[in-house]
Amino acid sequence: MRSALRWGAGSIAGLAVALSVAPAMALVKDTAEGAPAVEAEICDHAADTFGEAASANSINLYAMQWSPFGPDEMGWETYVPLIQKELGTGCDPTSSAFAEKLSLFQIRHGLMSNGQFDVATFAVFRGLWQERRPFILARIRGECPSPPPIADLSYLVAGEEHAERMTRMARRDVLEAYREMVAAARREVPEMATQPELLQIFSSFRDPEADTARCARDGNCDGVRRAACSAHRTGTALDIYVGHLLGYGVDSTHSHNRRYMTQTQTYRWLVKNAERFGFVPYAFEPWHWEWVGPPGGSAL
């Protein structure tokens with residue numbers, strides 16, 4: 001795994017300078033007359049101890065060479081929405097406030113607390129995200145969950161199926177939660193309501209035997225792109241369309257495609273809100289969401 005930060009030509013250094021002086025982002029909400037105003041989140045300060053960290057982050061955001069899930073990647077922009085949610089900040093990853101939040105996270109987890117993103121810090125983020133997936137915890141125990149009884153499965157309706165669908169069934173309780181989530185997304189984001197393809201499902205329950213046959217046929221069950229024991233066998237995993245880069249498939253794991261997906265409004269809404277409906281993400285696949293049930297419960 002390559003974790004060194006590579007400073008490129010002057011163009012990258014220039015980019016770093018431009019990004020490090022980005023304006024502060026205010027998070028002030030409208031308030032009723034007489035009510036106290038919500039304090040703005042100040043993302044950059046005139047002078048503080050995290051300016052150097054912010055400058056370093058602005059460079060490695062795009063120039064860091066590493067392999068967080070096996071294949072080589074350049075930069076960590078793909079994971080910014082999930083990291084921002086974990087840190088509880090909306091500040092840009094090149095800001096000093098983001099670096100400060102990151103340093104506090106590093107302190108809590110016994111890491112070197114310099115506010116600079118690195119491989120060790122990401123390993124902690126990844127561990128936290130994976131621990132929220134009951135399917136992963138089962139796999140750690142050496143278990144491969146059995147598929148649900150057929151009576152527990154239900155069909156997607158026409159408006160929920162993406163044109164490139166692979167399967168068309170899921171557990172009934174999962175579909176109920178999914179429908180509530182989609183309805184909320186379209187209420188809260190008018191732009192999503194005008195594009196019905198967004199949030200449609202292109203893969204849900206997959207029969208284990210059929211999945212095994214596909215693994216053998218395609219030879220791609222490496223545990224990252226596809227797994228021999230897939231979460232889709234549980235009926236709780238949904239592959240949801242969040243957009244894709246022209247020239248790539250809806251589930252292409254190419255780093256350019258994945259980075260594009262995570263910058264879409266649809267994906268960012270899911271990161272901020274899917275938990276309300278019991279769904280958690282798989283960080284490597286922006287389209288893959290698993291239903292874990294109500295808080296404190298388990299879907300498996």
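Visitor: What makes S7 and S8 a pair, and in which sense do they run?

Guide: Bear in mind that this is a predicted model. S7 and S8 are joined over four bridges, in the antiparallel sense. Pairing asks for at least two bridges, so S7 and S8 count as paired with four. Pro281 sits opposite Trp289 in S8, and Val280 is opposite Glu290 in S8. A hairpin of two residues takes the chain from S7 to S8.

Visitor: Which strands make up the sheet around them, and in what order?

Guide: The order is S5-S6-S8-S7, an open sheet of four strands with antiparallel pairing. Strand S5 (201–203) and strand S7 (279–282) are the edges. On average, neighbouring strands in this sheet are turned by 45° against each other, direction ignored.

Visitor: Why are S5 and S7 called edge strands?

Guide: Each of them pairs on one side only.

Visitor: How many bridges hold S5 to S6, and what makes that enough for a pair?

Guide: Two bridges link S5 to strand S6 (residues 237–240), with the strands running antiparallel. The cut-off is at least two bridges, so S5 and S6 qualify with two. Ile201 faces Ile240 in S6 across that pairing.

Visitor: And how many bridges join S6 to S8?

Guide: Three, again in an antiparallel arrangement. Here Asp239 is found opposite His288 in S8.

Visitor: What makes you call strand S8 mostly covered?

Guide: The count for S8 (residues 285–291) is seven buried residues of seven. Buried means under 20% relative accessible area.

Visitor: Why are helices H3 and H5 called roughly perpendicular?

Guide: Helix H3 (residues 80–87) and helix H5 (residues 119–131) pack at an angle of about 80°, and their axes are 11 Å apart. Angles of 65 to 115 degrees count as roughly perpendicular. About 80° falls in that range, so H3 and H5 get the label roughly perpendicular.

Visitor: Which residues meet where H3 and H5 pack?

Guide: From H3 there are Leu82, Ile83, Glu86 and Leu87, and they meet Phe125, Leu128 and Trp129 in H5. The residues of this contact split into six nonpolar, no polar and one charged.

Visitor: Staying in H5, is Thr121 buried or exposed, and how do you know?

Guide: Thr121, which belongs to helix H5, has 1% relative accessibility. Buried means under 20%, so Thr121 counts as buried. Beyond its neighbours within four places in sequence, Thr121 is in contact with Leu102, Phe105, Gln106, Leu111 and Gln116.

Visitor: What about Ile136: why does that residue count as buried?

Guide: Ile136 lies in helix H6 (residues 134–140). Its relative accessible area is 17%. The limit is under 20%, so Ile136 is buried as well. Ile136 and Ser230 are 94 residues apart in sequence, yet their C-alpha atoms are 10.0 Å apart in space.

Visitor: Why is Arg172 called partly exposed?

Guide: Arg172, in helix H7 (residues 172–188), has 44% relative accessibility. Buried is under 20% and exposed is over 50%; 44% sits in between, so Arg172 counts as partly exposed.

Visitor: What does Arg172 touch?

Guide: Setting aside residues up to four places away in sequence, Arg172 touches Ala151, Asp152, Leu153 and Ser154. Arg172 and Leu156 are 16 residues apart in sequence and 9.6 Å apart from C-alpha to C-alpha.

Visitor: Last one, for the whole chain: how many helices and strands are there, and what share of residues is buried?

Guide: The protein chain has 11 helices and eight strands. Of its 300 residues, 49% are buried. Among contacts in the chain with a separation of 6 or more, 61% come from residues 24 or more positions apart.

How values were computed: Residues numbered from 1 in each chain as written. Predicted model: local features only at pLDDT ≥ 70, side-chain atom pairs only at ≥ 80, totals over all residues. Heavy atoms only, no water. Axes fitted to C-alpha atoms, helices over the stretch in contact; angles between N-to-C directions. Buried < 20%, exposed > 50% of the residue type's maximum accessible area, 1.4 Å probe, protein only. Contact = heavy atoms within 4.5 Å. Parallel < 35°, antiparallel > 145°, perpendicular 65-115°, else oblique. Nonpolar A, V, L, I, M, F, W, Y, C, P; charged D, E, K, R; others polar.
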